[in-house]
Each structure stands twice: as structure tokens, then as C-alpha cells.
Amino acid sequence: MAADENNTLIKKGLITKTMWWAFAGACLLPLAAWIIEIIRLKFTFSFTGLFEAHKNTPVLWLLDIVPLTVFISAYLIEKKRLNEKQQFDAQIFERDARLNAMAEFAKQIGEGNYNARLELTTDHDILAQSLLIMRDNLAANHKKESEENWIAAGKENISDILRMHNKIDQLADKVIAQLVKYINVVQGAMYLYHEESKILTNIATFAYNRKKYISQEYKLGYGLIGQCAYERDYIYRTEIPEDYVTITSGILGDQRPQSILLVPLISDEKLQGVMEFASVKDHIPDLTIRFLKELGEIIARTILNLKVSERTEQLLKESQQMTIELKENEEQLRQNAEEMRATQEELKKSNEQLETKIQEVENAQKRLHSLLENASEIISIYDENMVLMYESPSVIKILGFTPEEMMSGKDMDRLTRKGESAMRSMFKQLLASPSEPVTIQYTYMKKNGQKIFLETTGRNLLDDPAIKGIILNSTDITERKRAEREERLKSKMQSLSENSLDMIIRLSTVGQFFYANPVVKNFIGIDPNNLINKTLNEITISDVLFNYFKETIDTIKSYPNKTTQEITIPAIIDGIKCERIMSFAAIPEFNENELETILFVGHDITEAKQIELEIQDKNRKISDSINYAQRIQSSILPDIRIVRESLPKSFIYYKPRDVVSGDFPWFFRRGDEIYIAAVDCTGHGVPGALLSFVGYFLLNSIVDHERKLTAAEVCDMLHFGVRKTLKQEMEDAEARDGMDIAFCKINHNEKEVQFAGAHRPLYLLRGKELTEFKGDRKAIGGIPHRKKDEENFTNYIINYKRGDKIFFFSDGLPDQLGGPEGKKYSPRRIRDLIVENFNLPIEKYSNLFEEDFEKWKGDNKQIDDVLLIGIEF
């Protein structure tokens with residue numbers, strides 16, 4: 001402080017000198033003025049002269065006060081500067097003190113004193129606020145680290161106990177005692193869960209620093225212990241009613257706890273037990289609950305391992321005890337065995353003699369049964385009334401039925417009518433001529449449903465005392481029949497192939513020729529007889545044919561299935577060299593399920609290919625003509641954009657069956673009147689399209705004149721115009737073609753719709769109510785009825801309201817077949833779809849009907865052109 005005062009005094013001295021220097025400098029100005037003025041007035045340098053100069057020049061008086069003014073100004077400036085410096089020094093001192101306080105605060109935080117305080121001088125003290133936030137974050141991290149260290153230390157203590165003990169009771173005592181002390185509660189208990197009995201048993205209790213000997217049991221779900229085990233989740237209670245006695249769980253003394261915590265012991269989703277802790281404090285910290293939950297799984301895993309070890313040890317002891325008992329019984333059994341051995345030797349001698357005789361009889365029976373069972377024929381014995389009395393065992397192998405099944409009626413049930421008739425005829429012949437055998441052939445159905453051929457030879461041995469019946473010997477001749485049939489077919493095939501115009505070759509899997517018909521010479525140039533037994537590598541043929549045979553043989557060897565392929569090969573036909581297009585079929589031939597040969601059949605399709613190309617060319621030309629007709633037809637059809645200029649809320653769903661269509665939408669505007677129609681001409685495709693041109697130009701001609709016509713009058717004029725154009729009024733007319741139409745005339749100024757229809761209706765949707773206006777039951781055009789006058793078309797007038805919708809369509813939509821039962825789409829479905837979607841904007845109906853139509857049609861073919869028009873007012 002003394003040094004600071006000296007510095008201040010020095011500074012004050014400097015300030016005084018400065019003031020005096022300023023005053024002295026200011027005095028020079030009036031002094032110079034005095035001298036100049038005395039010289040100018042030629043006065044003497046004295047006070048009198050000076051006074052006279054002031055009288056003659058008054059301005060000198062003003063110059064005389066300049067030094068005083070300068071002195072006062074310098075004094076005030078220096079005083080102000082000194083005050084500002086003093087204030088600045090005070091601020092510097094205050095900031096140094098603040099920084100020292102913050103440094104001390106930071107030092108205390110670094111030393112671990114997170115309770116250190118630091119006052120905020122202002123709300124904008126950013127450094128102090130940052131230090132306080134840093135203190136709070138460090139304190140929180142220190143608290144979290146302390147908690148984690150406390151949990152880790154507790155786990156380590158308990159893990160040491162778990163490693164030291166291999167008995168569950170001892171382990172439970174030590175664990176509970178350690179936990180009660182570690183988490184600072186007054187009581188603790190552990191209950192072991194028995195899976196077989198579903199019961200929790202108290203195995204350890206510790207209270208008030210000493211062990212308690214308490215025996216308690218709880219069923220799963222009963223009491224807090226049972227509830228904790230059942231729910232497999234911890235239970236923490238702080239509000240304990242006075243009359244809730246079961247909360248003590250048998251371990252609490254006279255002092256009622258203020259809080260209880262129960263933690264289940266679960267390992268691998270299996271319950272091992274429950275730990276219970278009680279505290280006289282009003283709450284148990286969350287850290288303690290978290291610690292016990294994490295520790296519960298470790299304890300449960302240890303208990304599970306000890307259970308397995310105890311069970312293994314118990315099984316080992318039982319095994320050892322059984323071994324001892326077996327050794328004790330072994331001697332007794334040995335003595336009994338000696339006695340039995342002596343008795344058996346005596347019985348053995350007697351049985352050997354008896355068995356020798358029995359074996360001889362059995363061998364004879366087995367030989368006979370084996371002969372009958374493995375015989376290639378069935379031996380049957382009937383009485384004279386065709387009742388089966390005996391069937392040999394071989395019937396099982398040949399027919400699949402047991403002898404008992406045959407004797408119960410299967411001998412006749414599986415015969416055809418022809419076979420049964422042959423059997424009865426054979427019995428009649430045998431009874432009529434006993435000495436002559438009779439042989440018949442017939443079909444029989446085996447047990448597995450397979451039909452086979454049997455050959456049966458019957459002999460009448462009714463007079464033989466050993467037989468006393470009619471004996472039948474039946475043999476399966478199915479294979480013989482098949483071989484005979486194959487031989488016949490082979491002979492027929494040989495004859496056919498020799499005279500066939502196709503090339504027929506049979507090759508082995510190594511390319512060796514087994515057969516070639518005469519036509520082969522035209523394509524290979526080698527006589528068929530010279531090809532037999534030669535391989536492909538030994539003859540000279542075209543590369544195309546050689547590669548085809550080689551590749552096909554390799555393919556069928558890998559995948560033994562029939563293949564077909566078209567190739568062009570050189571040939572000599574009637575001495576002229578040419579190229580022929582051949583369609584080859586390669587057919588694998590098997591012998592006992594093994595590929596033996598491959599039959600190649602080549603059919604000359606050169607002329608057929610030429611005809612096919614001509615047909616393709618004609619079809620292309622026809623398609624081009626039809627596509628051109630489609631472009632012409634599309635050019636005269638109304639564009640939906642043009643229609644929406646007059647009818648903004650409208651749509652046209654148009655789906656021709658073919659490229660060109662017999663159905664077409666028609667639109668025409670003349671002044672305030674709008675004409676629109678859905679026209680369905682007879683037929684579809686090209687015929688329908690030609691008729692559509694007639695209808696299009698007739699309609700344009702009818703409405704494009706000055707006279708105003710109703711919708712019905714337009715239809716009448718179109719009706720007669722079509723008849724006249726197609727000359728249907730002539731007596732010899734045969735053209736019955738015409739068209740159906742739904743025709744509308746719309747006037748927005750009068751809010752009126754006129755409708756007339758030929759076989760086509762109009763639907764009006766107003767709100768949720770749909771009204772149908774049916775068209776007349778007659779068509780446009782057609783041959784007139786000579787004896788019956790025709791009536792004009794009916795003209796309907798509809799005064800529409802805002803929001804009304806109208807729909808009209810051709811018959812291609814309701815007549816389409818489809819759905820799960822293959823029925824028609826039907827007008828009813830159209831009406832239902834309109835009403836069910838009454839709130840739908842008119843433009844959305846096009847997609848709605850398109851999706852529903854395609855879903856209904858499914859995989860069925862479209863049967864007619866489809867046209868649907870909708871308008872909203």
C-alpha cells in the first residue's frame with residue numbers, strides 16, 4: 001500500500017508540473033502581444049506604457065485572461081484523467097481478486113472437493129458458470145464411478161464366497177451374511193426353489209449380525225416369496241399394512257421393517273430361488289436394488305451348477321451302491337445256475353431225442369410248403385359246386401391274396417365277366433368229360449390292382465380218394481402275352497419303317513448302327529445294309545448330321561428323355577442334290593431299366609416350312625393392314641381431352657378385344673347441345689370396325705344440321721340410315737348386321753339430359769339411389785319385319801341436379817365370363833359397384849371398373865369389346 005501511495009503522489013506532482021508548464025506557455029501569448037503593441041504605439045516599457053497600450057487596444061484585456069483559462073482547463077482535464085485512472089485501477093484489482101477466487105475454486109475441484117462453492121457476480125459471468133457446470137459434471141461422474149466401484153466390489157466379495165464353497169447350504173449362509181452387512185440392512189434370507197415340488201424352502205437366514213435357524217416353505221404364487229418367484233421379477237415394498245402378517249416371511253422379529261426387497265434368482269430363464277432383505281429404514285436405495293438384481297443372476301448360475309454337481313454326485317453314489325449289491329447277488333445266482341445246469345443237462349438229453357423226430361416231420365412239411373409257396377403256378381382244389389376247398393401258398397406271391405382270402409370269395413370276385421364265364425364253362429366241360437383236361441386263359445385283378453393274364457388247366461379228380469375234387473393249375477402268362485404282343489408290334493413296325501417316307505435309324509449309346517430304313521440312303525448316300533454294325537466314326541456323312549447324332553447321344557445318356565430338333569442337311573432326291581429341313585425325334589429305348597439304344601426318326605418338313613413362311617408373310621401383311629385400320633379408327637374416335645372440354649367430369653373406359661373394335665365412343669358438340677353415345681356394332685374385330693365407320697359418319701351427318709332433333713329422333717334416323725346403307729330394305733337382303741346404342745343429348749343451360757337406347761340402358765346415380773332407364777328392345781338397322789310396323793325409339797328426359805352421375809355401356813362388359821364359377825360379369829355387378837362407391841369422383845370410376853373387370857376375367861379370354869362412359873354434373 002505504501003508503494004501505491006508513493007506512486008500516486010509522484011503522479012500528482014507530474015500533473016502539477018504539467019499544469020504550470022501549460023500556464024507558462026499560455027503567458028507567452030499576452031506577453032508577446034504587449035511587446036508588439038508597445039512597440040507599435042511607441043510607448044515606453046513600463047506599467048504606465050502597458051496600461052496605455054491596454055486602453056488603446058482593449059483586446060489585450062482578453063489576451064490577459066488566456067493564461068488563467070488555460071490553467072483552469074488543464075486542471076480540470078488532469079483531474080478527470082486521474083479519476084478515470086483510479087476507477088480503472090479499481091476494476092483491475094476486482095478482476096484479479098475474481099480470477100484468484102476462480103483459481104482457488106478450480107484447485108479445490110481438482111483436489112476432489114466437489115462441495116466447493118463459487119458465487120456468481122453477474123448473470124453473464126461465463127467463466128464462473130462453466131466452472132460450476134464442470135464441478136457438477138465431475139461430481140456426477142465421481143458419483144457414478146463410486147457406485148460402479150461399489151457394485152464391482154460387492155460382486156467380487158460374493159464371487160470369492162461362491163468360489164470357496166461347493167455346498168448350497170454353506171454357500172447360502174455366507175452369501176446372505178455378507179450381503180446383509182454390505183448393503184446395510186438388518187435381515188436377509190435365501191429360499192431355494194425345488195422344480196419337482198414347485199416349493200421354495202428357506203435355506204439361510206441372517207438377522208442382526210447372527211444366523212437364524214428358521215425352516216419355512218412357500219408354494220409358487222403364495223405370499224410375497226411365492227409371488228416374486230412366480231412373476232420372476234423383484235418386489236420392493238415400503239408401505240406395509242399393520243395387519244399384513246405374511247410380509248414378515250418368518251424372518252422378521254418383533255420390530256416391523258419399513259421396507260422389504262425380494263429378488264428372484266434366475267439363470268438361463270430358469271428359477272433357482274429367491275433372496276429377501278428387510279430394512280428398518282423407510283427406503284432401500286436404487287443402487288442397492290440394481291446391485292442385487294445384477295448379483296442375482298451370478299448367484300443363480302452358481303446354484304444351478306451346484307445342483308448339477310450334487311445330482312451327479314448322488315447318481316455316482318447310487319451307482320456304486322448298486323454295484324455292491326450286484327456283486328453280493330452274483331454269488332447266489334452262480335450257485336442257482338449250477339443247480340439249473342445239472343437239471344438242464346438231463347432235460348437236454350430227453351429233448352434231443354424228441355427234437356430229432358419233430359425236426360424230421362417239420363423238414364418234410366417245410367419242403368412241401370416251400371415247394372408250394374415258391375411254385376410258379378397256383379394249385380387250387382374245388383368241389384363239384386365250384387366251392388374252393390384248398391389254395392396253395394404260392395397264391396400270395398402271384399396274386400397277393402392269402403389262401404384264406406381266396407377261400408372267402410376272392411377267387412371269383414376279381415374275375416371279369418368274361419373270365420367268370422370261361423371258368424363256369426370249364427367246370428361244365430370237366431364234369432361232362434372227367435378224363436379230359438381243359439385249359440382256359442383270362443384276366444385277373446391282383447390285390448394291388450394290377451391286371452394280369454392267367455392260364456388255368458383243370459382236371460377232374462373227384463374220384464381220386466386223395467384229392468376228391470377238381471384241381472386247377474394256374475400260371476401267370478402276362479410276360480408271355482407281352483412278349484407275343486411286342487413281337488407282333490415289332491413285325492408291324494418293321495413293315496411300317498421299311499415303307500415309311502421318314503428316315504429311321506437305331507443307334508447304340510456308342511454310335512453303332514443297329515437299324516436303318518431305305519430312306520436313309522437319300523440323306524447319307526450309303527445303302528442301309530452297309531451301315532449295320534458300323535459306328536459313326538467309320539462312315540462318311542455330313543458334319544451337321546454327324547454332330548447332331550453325337551450331341552444327342554451324349555444328351556440322352558445324361559438325361560434319358562425324348563428330344564426333338566430341327567436341322568438342315570444335304571440330300572440326294574431323285575438324283576438331284578439339295579438341302580432338306582428335317583425334324584428329328586430321338587427316343588431312348590430301355591432294356592431292364594438300362595438305356596440300350598436310341599431310335600432316331602427324321603421327318604422331312606421342307607415343304608411344310610416353306611408353307612409356314614408363306615403363311616407368316618401373309619399374316620404379317622394382314623396384321624399391317626389391321627394395324628393401319630386401327631390407326632384410322634383411332635383417329636376418328638373422340639379424345640377424352642376434347643370430351644372433357646365440354647364435360648369436365650367424365651371418363652371413357654374403352655378396351656377393344658382385338659386390334660380394331662366394333663364398339664366405339666362417339667361425341668359431337670353443336671352450340672349449347674352436346675351429343676355423346678356408346679355404340680356397339682355387330683361383331684368385333686375387322687367386321688365390327690367396318691360397321692363402326694358406317695355408324696360414325698351417319699351420326700355426324702344426322703346431328704350436323706339446323707333442325708334440332710331429340711335423342712330418340714337421332715336414333716330413328718340412324719336406324720333407317722343403316723338399313724339404307726346396308727341395303728337391308730331390299731326383299732333379297734341377307735345382311736342382318738346392325739348396332740346397339742346408348743345415345744345422350746345434353747344441354748347444360750336447361751340442365752337436361754335426353755336419352756334413347758337400342759338394347760342398352762342408362763344408369764342415373766343420385767346420392768345413394770340408382771335409377772335405370774331401359775333402352776328399347778330393338779337394334780339399329782337389320783332386316784325389317786314385313787308384317788309388323790316398327791315403333792319409334794323412346795325419348796327419356798332427365799332433369800339433372802348438381803352431383804348426379806350417369807353411366808352407359810356396351811354389352812361386352814356385362815357379358816364377360818369369369819369369377820370363381822365362370823359366370824357373366826352381369827348388369828347387377830355394375831349397378832352394385834356404382835352404388836357401393838357413390839362418393840367416388842367420376843374420374844376414379846375408370847380405374848375402379850378396369851381393376852374389377854381384370855380381376856373378374858382372370859385367365860379367361862375377353863369375349864367382346866368393352867366400352868363404358870360415365871359423366872358427373
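**Exercise 1.** Work out why helices α19 and α20 are oblique to each other.

*Solution.* Before we start: this is a predicted model, where local features need pLDDT of at least 70, side-chain atom pairs count only at pLDDT 80 or more, and totals for chains, interfaces and linings use all residues. Residues are numbered from 1 along each chain as its sequence is written, and side-chain values use heavy atoms, leaving out hydrogens and water.

Step 1: find the helices. α19 covers residues 827–836, and α20 covers residues 845–857. (Helices are DSSP runs of H or I with at least four residues, strands are runs of E with at least two, and both are numbered from the N terminus.)

Step 2: take the geometry. The axes of α19 and α20 come within 11 Å and cross at roughly 140°. (Axes are lines fitted to C-alpha atoms, for helices over the stretch in contact; angles between N-to-C directions run from 0 to 180 degrees.)

Step 3: pick the word. Under 35 degrees is roughly parallel, over 145 roughly antiparallel, 65 to 115 roughly perpendicular, and the rest oblique. So α19 and α20 come out as oblique.

Step 4: α19 passes α20 in a right-handed crossing. (Right-handed means the near helix is turned clockwise from the far one by less than a right angle; anticlockwise is left-handed.)

Step 5: look at who touches whom. Arg829, Ile830, Leu833 and Ile834 of α19 meet Tyr845, Leu848, Phe849, Asp852 and Trp856 of α20. (Contact is heavy atoms within 4.5 Å.) Sorted by class, that contact holds 7 nonpolar, no polar and 2 charged residues. (Nonpolar is Ala, Val, Leu, Ile, Met, Phe, Trp, Tyr, Cys and Pro; charged is Asp, Glu, Lys and Arg; the others, Gly among them, are polar.)

**Exercise 2.** Describe the sheet that α19 and α20 pack on.

*Solution.* Step 1: write down the strand order. You have an open sheet of 5 strands, β18-β30-β27-β23-β24, paired antiparallel. (Two strands pair if DSSP finds at least two bridges between them.)

Step 1: spot the edges. β18 (650–655) and β24 (769–773) each pair on one side only, so these are the edge strands.

Step 2: check the twist, which averages 15° from one strand to the next.

Step 3: zoom in on one pair. β27 (residues 805–809) and β30 (residues 866–872) run antiparallel over 5 bridges. Here Phe808 has Ile869 in β30 as its bridge partner.

Step 4: α19 touches β23 (762–766), β24 and β27, and its direction makes about 20° with that of β23. α20 touches β18, β23, β27 and β30, at about 25° to the direction of β18.

**Exercise 3.** Describe how α17 packs with α15 and with α18.

*Solution.* Step 1: start with α15 (residues 606–636). Its axis lies 11 Å from that of α17, at an angle of about 30°. That makes α15 roughly parallel to α17. The crossing of α15 and α17 is left-handed.

Step 1: list this contact. From α15 come Ile626, Ile632, Gln633 and Ile636; from α17 come Val686, Ala689, Ser692, Phe693 and Tyr696. They divide into 7 nonpolar, 2 polar and no charged residues.

Step 2: move on to α18. The axes of α17 (residues 685–703) and α18 (residues 711–725) come within 10 Å and cross at roughly 130°. That makes α17 oblique to α18. α17 passes α18 in a right-handed crossing.

Step 3: list that contact too. Val694, Gly695, Leu698, Leu699, Ile702 and Val703 in α17 meet Val714, Met717, Leu718, Gly721, Val722 and Thr725 in α18. The count is 9 nonpolar, 3 polar and no charged residues.

**Exercise 4.** Describe the sheet that has β9 and β10 as its edge strands.

*Solution.* Step 1: the order is β9-β8-β12-β11-β10, an open antiparallel sheet of 5 strands. Its edges are β9 (388–391) and β10 (438–445).

Step 1: neighbouring strands are turned by 30° against each other on average, direction ignored.

Step 2: β8 (residues 377–382) and β9 pair antiparallel over 3 bridges. Ser380 stands opposite Glu391 in β9.

Step 3: α10 (residues 403–413) packs on the sheet, touching β8, β9 and β10, with its direction about 130° from that of β9. α11 (residues 417–432) lies across β8, β10, β11 (451–461) and β12 (469–476), at about 155° to β10.
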